[in-house]
Amino acid sequence: MHTRTRFIGRLAAVAVLASVLVAGTYAYTAANTVPDSKAGDGSGTVTGYVVSAIHYNLNATTLTNVDSVAFTLDSTPDAGSTIKAQVNANWYSCTNVTTAVTCATTSPQATVLGTTSLRVLIAQ
């Protein structure tokens, strides 16, 4: 009978310990706070830009190198927009003043012979 009492005592101790752990875990998770945030879903029209007046500016010393490409957009991109131009396989960062865009093409150096395509990317 003494062994049975010891077993019941241990079982009760395990049950009390489990209850304390469950209560402690609940208290820990109940203390978490999550800041307010926004989320949304919707749709809108995505329109493109019309690129015109494309001009490749050649290096004054090495006429086979293209130092920049300039072009005009039909509307001014939103402030903070990313503007890039791809000349063949290389992407170049661009800057704009209203609708006038210039992209330095010197790193890596674009060349006249290698220039067969131009792609423009503008992301808000």
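## Strands β4 and β5

N96 has V101 in β5 as its bridge partner. Strand β5 covers residues 100-104, and it pairs with β4 in the antiparallel sense over four bridges. Strands here are DSSP runs of E, at least two residues long, numbered from the N terminus. Two strands pair if DSSP finds at least two bridges between them. The hairpin of β4 and β5 has two residues between the strands. T98 sits in the loop between β4 and β5. Its phi is near 50 degrees, a positive value in a residue other than glycine.

This is a predicted model: local features need pLDDT of at least 70, side-chain atom pairs count only at pLDDT 80 or more, and totals for chains, interfaces and linings use all residues. Residues are numbered from 1 along each chain as its sequence is written, and side-chain values use heavy atoms, with hydrogens and water left out.

## Strands β3 and β4

Strand β3 (residues 82-87) pairs with strand β4 (residues 90-97). The sense is antiparallel, over four bridges. A85 stands opposite Y92 in β4. These strands also form a hairpin, with two residues between them. N88 in the turn has a positive phi of about 55 degrees.

## The nonpolar core

Which residues make up the largest nonpolar core? They are V69, F71, L73, I83, A85, C94, V101 and C103, eight residues in all. β2 (65-73), β3 and β5 each supply at least two residues of this core. The largest share, three residues, comes from β2. Such a core is a set of buried Ala, Val, Leu, Ile, Met, Phe, Trp, Tyr and Cys residues joined through side-chain atoms within 4.5 Å. Buried means under 20% relative accessible area, exposed over 50%, and partly exposed in between (1.4 Å probe, protein chains only).

I83 touches P77, Y92, S93, C94, N96, V101, L121 and I122, not counting residues up to four places away in sequence. Contact means heavy atoms within 4.5 Å.

## Backbone details

A cis peptide bond joins S107 and P108, with omega about 0 degrees. P108 lies in the loop between β5 and β6 (110-111).

A53 lies in strand β1 (residues 51-58). Its phi is near 50 degrees, a positive value in a residue other than glycine. Is A53 buried or exposed? A53 counts as exposed, because its relative accessibility is 53%.
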